[in-house]
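Here is a structure to go through by question and answer. Each reply ends on the item asked for.

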Amino acid sequence: MRFWAAIPLFLVASMLWAHDEHDHALPRMVATAKNFLASLTAEQRASVVFPFEDDERFFWHYIPSADIPQRYNRPRKGLTLSEMTSHQKALASALLSAGLSQQGFIKTTTIMSLEDILRIMEKDTAGRRNPERYHFSIFGEPSAEGTWAYRIEGHHVSLHFTVVKGKATGNPTFLGSNPGEVKEGPRAGLRVLGAEEDKGRALMTALTPEQRKVALVAEKAYADILTERSRKAALAGQPSGLLQSKMTPAQRKLLAVLIDEYIENLPGELAEQRRQRVKEAGLNVYFAWAGVIEKGGPHYYRIQSPTFLIEYDNTQNNANHIHSVWRDFEDDFGVDLLKEHYTSTPKEHGHDSRK
């Protein structure tokens, strides 16, 4: 029986958490992580928990779990939903929603559900497409004042949350959608990341012909997001695009609306951190487009500042397969928080603050 049909408690519990927009995310993260861990057997816990310092924390991807061993000669680690009991799935859902806004939770769980559509489309009988093949991993011991992290990942979902001495962060965040638009069947018309596409195109079409020449950095859209699964985001040698300071007030508003679509996938203080990055950048934000502008053709865009990066790509499967990501140039995986912590307490845990 499929996960979504079998566990209504999963959805009920998750939505209750996700509706609580005004409380801080960290207490929910701690409580849900502890509750989830307490529900596991010793064998399951061994699959879930890793040392915080383990390099496994930085391994991430957005391809199907079945493809990871062939490409990287190793499995995707963590406990999958398919390996959990009903009540464990409900507790895992609470952990998922603790780090997301209601908008982010709806997008993520709907993306997971698309695996069933792909299973039918591809006549998959080998289990490559499975809405329960999403992996949960925790690094360190969850606490409000300690240092720990968790990751939830599978096809087209890669979420990373890090806690350092009472401060939480949620970077990088990858969400994808295949199909980008469901073309047939009872769910025809569904576009999980439709807002990301439409708001990006709205900005590009609002530019003047001269502005478009600057924003268009490549006639052909790239095959994927350029940063892919890099541990540290970098775009060496790439043309920047159109600077926000060269936009009209109306165009800047469209850019802000597009950026907000990515910010508002996270709750409370995590979203506020992203807003602060935008504030820090001021008008030093570039918008770049590659590929065709008209709907239905292969296209790509990015929003880049000295502090953060948004990438969006829709080229695969006849431009009906979306990849999108928010990267923080300094604080992906909580690196900036950790640097601040180790600098202020260089002897703690034997860490060298110079690293």
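Q: Which residues of H10 does H8 meet?
A: This is a predicted model, in which local features need pLDDT of at least 70, side-chain atom pairs count only at pLDDT 80 or more, and totals for chains, interfaces and linings use all residues. Residues are numbered from 1 along each chain as its sequence is written, and side-chain values use heavy atoms, with hydrogens and water left out. Contact means heavy atoms within 4.5 Å. From H8, Ala195, Glu196, Lys199, Gly200, Ala202, Leu203 and Ala206 meet, in H10, Gln251, Leu254, Leu255, Val257, Leu258, Glu261 and Tyr262.

Q: How many residues in the contact of H8 with H10 are nonpolar, polar and charged?
A: Ala, Val, Leu, Ile, Met, Phe, Trp, Tyr, Cys and Pro count as nonpolar, Asp, Glu, Lys and Arg as charged, and the others, Gly among them, as polar. The residues of this contact divide into nine nonpolar, two polar and three charged.

Q: Is the crossing of H8 and H10 left-handed or right-handed?
A: A crossing is left-handed if the near helix is turned anticlockwise from the far one by less than a right angle, and right-handed if clockwise. H8 passes H10 in a crossing that is left-handed.

Q: At what angle do H10 and H11 cross?
A: H10 spans residues 249-263 and H11 residues 268-281. Their crossing is right-handed. The axes come within 10 Å, and the angle is roughly 150°.

Q: How many charged residues are in the contact of H10 with H11?
A: Ile259, Tyr262 and Ile263 in H10 meet Ala271, Arg274, Arg275 and Val278 in H11. By class, this contact has five nonpolar residues and no polar ones; the charged residues number two.

Q: Which residues of H7 make the contact with H6?
A: H6 (residues 86-98) and H7 (residues 102-121) pack at about 130°, with axes 9 Å apart. The two helices are therefore oblique to each other. H6 contributes Ser93, Leu96 and Ser97; H7 contributes Phe105, Thr108, Thr109 and Met112.

Q: Is Tyr286 buried or partly exposed?
A: Tyr286 is found in strand E10 (residues 286-291). Buried means under 20% relative accessible area, exposed over 50%, partly exposed in between (1.4 Å probe, protein chains only). The relative accessible area of Tyr286 is 25%, so Tyr286 is partly exposed.

Q: What separates the C-alpha atoms of Tyr286 and Ile303?
A: Leaving aside neighbours within four places in sequence, Tyr286 is in contact with several residues, including Arg302, Ile303 and Gln304. Tyr286 and Ile303 are 17 residues apart along the chain. Their C-alpha atoms are separated by 5.6 Å.

Q: Where does pLDDT stay under 50, with 41 contacts beyond four places in sequence?
A: pLDDT is the predictor's confidence in each residue, from 0 to 100. The protein averages 91, and 89% of the residues score at least 70. The stretch with 41 such contacts is residues 3-21.

Key
Axes fitted to C-alpha atoms, helices over the stretch in contact; angles between N-to-C directions. Helix = DSSP H or I, 4+ residues; strand = E, 2+ residues; numbered from the N terminus. Parallel < 35°, antiparallel > 145°, perpendicular 65-115°, else oblique.
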